[in-house]
Amino acid sequence: LHHSELIVPADSEVGSNQFTMMEEQAFLYDSTITAPLSNPPLWPYTMYFRMPHRCHGNLQHCPTRSHAVWEMVMNELDRREDPNFDEYLPGCAMVDSCSNILTGDQFYNFLNHNFDRHYDQNRAPLGLYFHAAWLKNNPEFLDAFLYWIDEVLEKYNDVYFVTMTQVIQWIQNPRTVSEVKNFEPWREKCSVEGPPACWVPHSCKLTSKEVPGETINLQTCVRCPNNYPWVNDPTGDGFF
């Protein structure tokens with residue numbers, strides 16, 4: 001987790017308190033708010049103004065005032081196997097929660113259909129959210145995913161796989177297709193160099209005043225903090 005971003009569990013309650021903390025701690029963006037399936041899908045937006053969609057989901061608590069934070073909104077994806085003939089189905093924001101994806105071929109078709117929805121309509125960034133274990137435990141899905149990435153990059157000269165921060169950098173400073181090849185923020189490579197920060201991380205059993213009665217395990221390469229990091233104590237130092 002970089003200090004510029006915040007991603008919390010999908011079933012967490014998101015509200016003004018979280019965004020206030022993010023603003024105070026200079027986080028660039030949040031990626032916790034789900035938007036219902038829509039055509040066209042939504043572009044990322046800032047929380048300066050009212051959200052361009054309703055607060056979606058039974059567990060979601062959306063902020064009610066202005067915040068200086070970007071929202072990398074989680075657009076629900078269309079999980080119908082045959083969008084031309086199948087009846088309407090609710091979308092799914094997390095790919096691994098799309099319970100009808102059972103084979104690699106189904107996953108491949110799902111990726112193509114949702115890519116087309118974004119590419120052919122308003123070019124809103126296509127966010128694909130899933131737990132790494134979903135691919136690790138399903139080699140057929142991983143093979144389909146890697147094949148799809150290679151196919152898209154070979155077919156289109158105006159499609160890029162980038163980080164959320166890089167999406168925001170382009171929105172703030174747009175470039176044409178010909179210019180983006182030399183767009184400096186997109187020229188950075190994710191290359192891991194040098195030895196790992198540590199071979200065996202510290203395993204810290206911590207508590208927090210914010211969640212009384214619970215002991216939470218935290219693994220870190222630096223010393224264990226005094227408390228489990230939480231909304232009012234993001235460093236775990238116990239200073240409020």
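Which residue forms a salt bridge with Arg 123? That is where I will start, after two remarks on the model.

This is a predicted model, in which local features need pLDDT of at least 70 and side-chain atom pairs count only at pLDDT 80 or more, while totals for chains, interfaces and linings use all residues. Residues are numbered from 1 along each chain as its sequence is written, and side-chain values use heavy atoms, with hydrogens and water left out.

Now the salt bridges. The term means a side-chain nitrogen of Lys or Arg within 4 Å of a carboxyl oxygen of Asp or Glu. Side chains of opposite charge can pair when their charged atoms come close. The structure has three salt bridges. The partner of Arg 123 is Asp 158, and their closest N and O atoms are 3.6 Å apart. Arg 123 sits in the loop between α2 and α3, and Asp 158 in the loop between α4 and α5 (164-172), so this pair ties together parts that are 35 residues apart in sequence. Helices here are DSSP runs of H or I with at least four residues, strands are runs of E with at least two, and both are numbered from the N terminus.

How accessible are these two? Buried means under 20% relative accessible area, exposed means over 50%, and partly exposed is in between, with a 1.4 Å probe and protein chains only. Arg 123 is partly exposed at 43%, and Asp 158 is partly exposed at 23%.

A second salt bridge joins Asp 78 to Arg 80, with the closest N and O atoms 2.7 Å apart. Asp 78 is buried, at 2% relative accessible area. Another links Arg 223 and Asp 237, at 3.7 Å between the closest N and O atoms. Arg 223 is exposed, at 55%, and Asp 237 is partly exposed, at 26%.

Back to Arg 123, which also lies over the face of Tyr 119, 3.8 Å from the ring centre. To count as over a ring, NZ of Lys or CZ of Arg must be within 6 Å of the ring centre and within 35 degrees of the ring normal.

That brings us to the rings. Two rings of Phe, Tyr or Trp (for Trp, the six-membered ring) pair if their centres lie within 6.5 Å; planes under 30 degrees apart are stacked, over 60 edge-to-face, and the rest tilted. There are 19 aromatic pairs in the structure. One of them is Phe 115 with Tyr 119, which is stacked, at 5.4 Å centre to centre and 20° between the planes. Both residues lie in helix α2 (residues 104-119), four residues apart, about one turn of the helix. Phe 115 is buried, at 8%, and so is Tyr 119, at 17%. Both belong to one aromatic cluster, whose members include Phe 107, Phe 110 and Trp 134.

Last, the cores. A nonpolar core is a set of buried Ala, Val, Leu, Ile, Met, Phe, Trp, Tyr and Cys residues joined through side-chain atoms within 4.5 Å. Which residues touch the most other members of the largest one? Of its 20 residues, they are Ile 101, Phe 107 and Phe 110. Two or more residues come from each of α2, α3 (132-136) and α4 (139-155), and α4 gives the most, with six. Apart from this core lies another, of 13 residues, among them Met 21 and Ala 35. Met 21 is one of the buried residues in helix α1 (residues 16-24).
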